[in-house]
Structures are given as C-alpha cells and as structure tokens.
Amino acid sequence: MLMLKADAQNATSLYNLHGKAKQQAIDAGRKDAKSLTKTYTTNISLVAILITTITFAAAFTLPGGYSSVDGSEGLPIMSQKIAFQAFLISDTLAMCSSFAVAFICVIARWEDYEFLIYYTSFTKKLMWFAYVATTTAFSTGLYTVLALRLHWLATAISVLVALLPILTKLLGEWPVLKLRFRLGKTFNSDLLDMV
C-alpha cells in the first residue's frame, strides 16, 4: 500500500519503501514463527513428558512380572526371551529420546530464527523415533506375554502395531503426498523437504 501511494518520480523513496516493507514482512514472519514455535514447544513437551512417564512406568512393571523363586527373587520371569529383550531396548530408547525432547524444549533459545527451524525439525524427528520405539515396546511386551498361549493373537497385535507408525506417517503427510503425485516431477519444494 505504501508503494502505491509513493511518488513514482522519486526512485530512492520507492527503493527505501521496498526495503522497509520487505523488512517489516520478514520481522512479522519471524514473530509469527516464534509464536508458533512456542505453541509447538508447549504441545511437544507435554507429549514428550507423557511418553517418558509411560515408558518409565513400563520399565518397572515388566511383562510377565518378577520371579519369587529362591535364588532369583526380583528378576524378570521372561528375561531370557528375545521379545522381552526387544521390549527393554525399545522402551529404553523411547524413554531416552522423549526425555531428550522434553529437555531440549526447556533449553530452547527463541531469539535465533535459524535455530527455531532446526529445533522444530530435530524435535519432530526425535519424537517420531520415540513414537516408533514406544509402539515397538508395546507390541513386544504383549508378544512376550501372549506368545506361549495365544500365538495368533500375539502375532496379529504385533503386525497391527507395526503398521500403526506407517499409517500415521501416511495420514500426516497425505496433503503433501497428494500434491507431489498431482504435480509429478515438477514438484520441488525445499521448504517441505526440510521438515
């Protein structure tokens, strides 16, 4: 609007107006990005703490329970099973990665715009890893308990839970995937590929 009202004969004032308008747009965009990132941080830290709490509790309420036999009191009953070991590994990875996200949210700097872009990209990837590890811990924990008596049910639950992150990823990225399919080879967006 300022450029439309400016004197067309005075090129320096047009150049200055253009620079001023461009800087105002950049500042407004960065302010909006900071605001959105703060909202994102609130939400992602809440989810990260919930995953941390769930996986921490799962580590102490182990599938199959604890032994009460003399000489092995307090040891996990299913400790020799590979599914149980996979449960422990995935549960630990889920807890550590979600705890790292929560801690990153606490120490995030809001002044640096480039950091905000890197921060959201990194925490999304780390939370995705925590999500996959949590679902893996869930399925391996159930498989450990159910496999001896109900092998078909244990397998069905494991397959269903293994498909859950894939389906979630497809549904979350459906608008971008639809756009990529529609535009074909002409689709090229560095902004969408960065996230």
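Here are a few friendly notes on this predicted model, point by point.

1. **The annotated spans.** The unreviewed UniProt entry carries the annotation "transmembrane region" for residues 40-62, 82-107, 128-146 and 152-172. Two of these spans can be set beside the model. Residues 40-62 are 91% helix and 0% strand, with their end C-alpha atoms 33 Å apart. Residues 128-146 are 100% helix and 0% strand, and there the end C-alpha atoms lie 27 Å apart.

2. **The largest nonpolar core.** This core holds 13 residues. Ile 44, Ala 48, Val 101, Cys 105, Tyr 119 and Met 127 are the members with the most contacts inside it. Helices α2 (11-60), α3 (82-107) and α4 are the elements that each give two or more residues to this core.

3. **Thr 140.** This residue sits in helix α4, which runs over residues 113-146. Thr 140 counts as buried because its relative accessible area is 13%, under the 20% cut-off. Where does its side chain reach? The side chain of Thr 140 comes to 3.2 Å from the backbone oxygen of Ala 137. Setting aside residues up to four places away in sequence, Thr 140 touches Ala 83, Ala 86, Phe 87 and Ser 90.

4. **Cysteines.** How many disulfides does the model have? The count is zero. As a reminder, a disulfide is a covalent bond between the sulfur atoms of two cysteines. Two cysteines show contrasting surroundings. Cys 105 is buried, at 9% relative accessibility, whereas Cys 96 is partly exposed, with a relative accessible area of 44%.

5. **The salt bridge.** Searching the whole structure turns up one salt bridge. Lys 169 and Glu 173 are the partners, and their side chains meet at 3.0 Å, N to O. Are these two residues buried or partly exposed? Lys 169 is partly exposed, at 37% relative accessibility, and Glu 173 is partly exposed as well, with a relative accessible area of 33%. Both values fall between the 20% and 50% cut-offs, so neither residue counts as buried.

Terms used:
Residues numbered from 1 in each chain as written. Predicted model: local features only at pLDDT ≥ 70, side-chain atom pairs only at ≥ 80, totals over all residues. Heavy atoms only, no water. Helix = DSSP H or I, 4+ residues; strand = E, 2+ residues; numbered from the N terminus. Buried < 20%, exposed > 50% of the residue type's maximum accessible area, 1.4 Å probe, protein only. Polar contact = N/O pair within 3.5 Å; in protein donor to acceptor, adjacent residues only side chain to side chain. Contact = heavy atoms within 4.5 Å. UniProt positions renumbered as here; feature names shortened; annotations may be inferred. Core = buried A, V, L, I, M, F, W, Y, C linked by side-chain atoms within 4.5 Å. Disulfide = S-S within 2.5 Å. Salt bridge = Lys/Arg side-chain N within 4 Å of Asp/Glu carboxyl O.
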